[in-house]
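I opened the notebook to record what I looked up in this model, entry by entry. The sequence and the structure come before the notes.

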Amino acid sequence: MDLFEAIRTRRSVRKYLDRPVEEEKLQAVLEAIRLSPSWSNMQCWRMVVVKDQAVREKLSELSYVESFFAPKGYRTNPSKKALAAAPVVIVLCADPARSGELWNQNYYLVDAGIASENLMLAARGQGLGTVFVGVYDEEKVKGLLSIPPAIRVVGLFPLGYAAEENKEGPPRKPLQDICSYERWELKAST
Ligand SMILES: Cc1cc2nc3c(=O)[nH]c(=O)nc-3n(C[C@H](O)[C@H](O)[C@H](O)COP(=O)(O)O)c2cc1C
């Protein structure tokens, strides 16, 4: 699949078929993460690939936010069931000590974000679906998977064959609302 076609047609997939992911497709997705650019090429990302059904079900149970201030719609997570239903979950982690921090910007999140997009586009290119799940109890996920204290869990990615049509996704803002030329001329309200 052409790269821009993959960018244009990628959608968050929240329903999965009961169909395994071929090992070579999984490896292609992991390779796309491995090849991502990063701060000073320090490659701060780490992954735990979970196939075990019982562990995926536990990950699903941990996909909630307890805080009263949780963003609207995220107290429970629309992708909760996907973590148990998809045959594979990639737990994307990062080691903040292996990235840059400059002027209050933590680049490990940028590194992991780029790796996440590589993951999602590679999945699309392989005919697979995935979704970035950012809602989970990080400490409990770390405990479940024996992830060391200094490592951060940045996202959970169910991976599998989509059970739903590749529908049009939520709309994007028009380019003129988010981009101006030569100087900032964007409205505060958009
Ligand atoms: C950092 C981040 C966290 C996200 N967390 C969740 C989540 O916890 N649950 C979920 O269902 N979708 C989650 N999403 C998916 C977004 O809701 C989705 O990308 C957005 O609505 C656009 O839809 P699309 O991916 O189909 O284009 C997350 C996306 C990002 C980038």
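I number residues from 1 along each chain as its sequence is written. I kept in mind that this is a predicted model, in which local features need pLDDT of at least 70 and side-chain atom pairs count only at pLDDT 80 or more, while totals for chains, interfaces and linings use all residues. For secondary structure I took DSSP runs numbered from the N terminus, helices being H or I with at least four residues and strands being E with at least two.

Entry: positive phi outside glycine.
I looked up Trp103 and found its phi near 45°, a positive value in a residue other than glycine. Trp103 sits in the loop between strand 3 (101-102) and strand 4 (105-106), and it counts as exposed because 4 other C-beta atoms lie within 10 Å. I then turned to Gln43, where phi is near 50°, again positive in a residue other than glycine. Gln43 belongs to the loop between helix 2 and strand 1 (45-50), and its 19 C-beta neighbours inside 10 Å make it partly exposed.

Entry: helix 5.
I noted that helix 5 (residues 107-125) has 19 residues and reaches 27 Å from its first C-alpha to its last, close to the expected 27 Å, the expected span being 1.5 Å times one less than the number of residues. Which residues of helix 5 are buried? I listed Tyr108, Asp111, Ala112, Ala115, Ser116, Leu119, Met120, Ala122, Ala123 and Arg124. Just after helix 5, Gly127 takes a positive phi of about 80°.

Entry: helix 2 against helix 5.
I found that the axes of helix 2 (residues 23-34) and helix 5 come within 8 Å and cross at roughly 150°, where axes are lines fitted to C-alpha atoms, for helices over the stretch in contact, and angles run from 0 to 180 degrees between N-to-C directions. Helix 2 and helix 5 are therefore roughly antiparallel to each other, since angles over 145 degrees count as roughly antiparallel, under 35 as roughly parallel, 65 to 115 as roughly perpendicular and the rest as oblique.

Entry: the ligand shell.
Of the 13 residues around the ligand, Ser12, Ser79, Gly134, Val135 and Gly169 come nearest, a residue being near if its C-beta atom, placed from the backbone, lies within 6 Å of the molecule.

I placed Ala54 in helix 3 (residues 53-61), where 8 C-beta neighbours inside 10 Å make it exposed; Ala54 and Ala84 are 30 residues apart in sequence and 8.3 Å apart in space, C-alpha to C-alpha. Lys80 is in helix 4 (residues 80-85) and counts as partly exposed, with 19 C-beta neighbours inside 10 Å. Leu175 lies in helix 7 and is exposed, with 8 C-beta neighbours inside 10 Å. Ser180, in the segment after helix 7 (175-178), is exposed with 12 other C-beta atoms within 10 Å.

Note on methods:
Buried ≥ 20, exposed ≤ 12 C-beta atoms within 10 Å, placed from the backbone.
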